[in-house]
Amino acid sequence: MAPRDEQARSRKKNISNGSSISINDVGNGIYVSDASGHGSSARDHRLARRQLRVKKARARKSKRKGVPLCVVASAVFVVYLVMCVMFFRNMPEEEKQVGISKVRGLVQKTQERVKKTREQVSSKLRNFGRGGSAKSSASAGATTKAAQQHPGIPVGKWPVSIRDEDGNFEEIKHPGYEDGSVTMSVPAFWANDPVAIHQNKLMTRERALAIGTCATPDSKGRFTRGDECPENERTIFVAIASYRDFQCRDTVDSIFSRAAHPERVRVGVVDQIVPGEDGSCDVPHLPCSQDQNQSICLFKNQLDVFQMEAELAVGPVFARHIGHRLYRGEYYSMQSDAHVTFTQGWDVDIIKQMEATKDEMAVLSTYLTDIVGSIDAKTGKSLRHTRPIMCNTEYEGGVQGKHLRHLSQPEAMPEITGMPQLQPYWAAGFSFSRGHFIATVPYDLYQPMIFQGEEMSITLRGFTVGYDFFAPERSVCFHSYAKFAPERNKVPHFWENSEKYKGTGIKAMDRLLGIVHMNPEVDPSRWNHAEEEKYGLGGARTTSKFYDTFGIHVVEKTVERHLCQFVKNRMHNMFMPNLRSDGMGVDYSKIDFRWKDPRPHDP
């Protein structure tokens, strides 16, 4: 038996015995792109990085040993405080007044000292700025001012990498183990509280523009410049979830090599692999020492890869949850599968389409067309003039219960030209939006073993926060499907772990449907409500408005069919006139429309 197999069995044995497994046992972490060669050198580097993360995790744990002492000290303080209060209550009135007077004097002196200290610090900062560090001082001042103006929204910067944030990781319980026996160290969210951003109401345009970095700062050192940032300098974050996918590095390569402005693109990959069997997404086909012009070599500082062992994979929702944790305040956010090829100048094209909507809350999303016959091999340009649109859904049953899922989507020449076309639904395979979409609608941590259903969850959560979904007028990337690429049939899937995490998907689906109010027949006590506000609904719209508008009956578990007939040529023209004057989404309070199937007896 190979050593790796023995280690795997040892881990499984520990799990079955109920022993707690730490990061040191399961092995996960984020690694700097080291593409200098294949084989042992790259693996040794990753092992060193993993050991460093383990060491720091243990150091953090050791600090926690002081917690009991802090608890005891706090208890002593509380007892002392109670005694002081009782003593003060029994004092004669005259002595009380004297004591109060002395306390007031002490408070006044303290306030004066604080004021004096602040003035001294401010004076030193001004002198420091005059001494040649004016730019740093201005940047720090701009950062402080921005943080005060927009509470709950972190200040963006560029360039940025998770590799520079060793202290910004947190331990989470793996969602596949209900007893919490397995933990993982993962990057902290850029904005940990989505509600603090959208405030359970429609965001103001000012708050929305407070998110999104520019590749170059303004005269005051601020990288967050709103819509004053030139389009070719607006940063783009690309999130990719990959499961043992040999095409992942080719996807990353096409993102950088075919971008018109690759210097403003940052890619975050969650790479779920079996070490020693699967290639890493950040390792190019040739060592960088042999060919430095490979995109992964040229832009390695803009590529963050979070690598985790495939046996910990519990589906795309968890992987994409970690992917959203890699976001760091970029102007735009994009989500893509790991086996996608991009067109030449894709970044300029998709931004142009996005801005054509004049909708700050627009999310461009679709099921991608197959790569075969779609891209000119010489120019890298698209050969397609058709595009899919998201409008076809139906209820399906199964072990996890009845839920709504997308079916195959119609693809045709756009009937709306000059801009993307409004549609009801969002697709996970391709999504492009402003960065605040990721910050306010993060993937749920508590939905293991979910495959069908995630798209409806994000659709409804995004809708209630105020987002509008559009089909791109032109495709900027194309998908490799196994039907036309037989080699993809050899790529493993996460459900090879189904037996290990058996039963978790049923509870996760109850939570998914419960949050978006799609299973009113289920007792809410059946599903996990942990951090429900964080991964829940917004306050700009209601789910019932969505269901009523697009003909979804959550009690009967049926839909009004043939919705595509309305979406293809009527929805956009009927709804878009209700786009708010400040561009903050379509005002559905002005829309009194309910889709009714015109052909209920037709297939």
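Start by selecting Phe478: this phenylalanine is buried, with a relative accessible area of 0% (buried means under 20% relative accessible area, exposed over 50%, partly exposed in between, with a 1.4 Å probe and protein chains only). Phe478 sits in strand E17, residues 477-479. Helices (H or I, at least four residues) and strands (E, at least two) are DSSP runs, numbered from the N terminus. Before you go on, know that this is a predicted model, where local features need pLDDT of at least 70 and side-chain atom pairs count only at pLDDT 80 or more, while totals for chains, interfaces and linings use all residues. Residues are numbered from 1 along each chain as its sequence is written, and side-chain values use heavy atoms, with hydrogens and water left out.

Now show what surrounds Phe478. Leaving out residues up to four places away in sequence, Phe478 touches His339, Val340, Thr341, Thr343, Thr369, Asp370, Ile371, Ser374, Ile375, Ser382 and Arg384; contact here means heavy atoms within 4.5 Å. Draw a line from Phe478 to Asp337 too: they are 141 residues apart in sequence, yet 9.9 Å apart in space, C-alpha to C-alpha.

**Next stop: the second largest pocket**

The pocket has a volume of about 990 Å³. A pocket is found on a 1 Å grid over the protein atoms alone: whereas a cavity is a set of points where a 1.4 Å probe fits but cannot get out, a pocket is an open set with protein on both sides within 12 Å along at least five of seven lines, and lining residues have an atom within 4 Å of a point. Grid points are joined across faces, edges and corners, and the volume is the space filled by probe spheres set on the points.

By class, the lining has 16 nonpolar, 12 polar and seven charged residues (Ala, Val, Leu, Ile, Met, Phe, Trp, Tyr, Cys and Pro count as nonpolar, Asp, Glu, Lys and Arg as charged, and the others, Gly among them, as polar).

**Along strand E12**

Pick His403, which is in strand E12. His403 is buried, with a relative accessible area of 5%. Beyond its neighbours within four places in sequence, His403 is in contact with Glu394, Tyr395, Glu396, Gln452, Met509 and Leu513. Gln452 is 49 residues away from His403 in sequence and 8.1 Å away in space, C-alpha to C-alpha.

**Into the core**

Select Val267, Trp346, Phe432, Met518 and Ile552. Of the 130 residues in the largest nonpolar core, these touch the most other members. Strand E4 (residues 236-243) gives the most to this core, with seven residues. A nonpolar core is a set of buried Ala, Val, Leu, Ile, Met, Phe, Trp, Tyr and Cys residues joined through side-chain atoms within 4.5 Å.

Zoom in on Phe432. Not counting residues up to four places away in sequence, Phe432 touches Ile236, Tyr332, Ser333, Met334, Ile350, Ile351, Met354, Ala362, Val363 and Leu364. Follow the chain out of H11 and you come to Lys358, whose phi is positive, near 55 degrees.

Glu531 has a phi of about 50 degrees although it is not a glycine, and you'll find it in the loop between helix H14 (504-515) and helix H15 (543-550). His562 has a phi of about 65 degrees, and again it is not a glycine; look in the loop between strand E19 (558-559) and helix H16 (563-569). Buried or partly exposed? Glu531 is partly exposed, at 36% relative accessible area, whereas His562 is buried, at 16%.

Finish at Trp158 and Pro159, joined by a cis peptide bond with omega about -5 degrees. Pro159 is in the loop between helix H5 (93-149) and strand E2 (169-173).

**Zoom out**

Show the whole protein chain: there are 17 helices and 19 strands, and buried residues make up 51% of its 603 residues.
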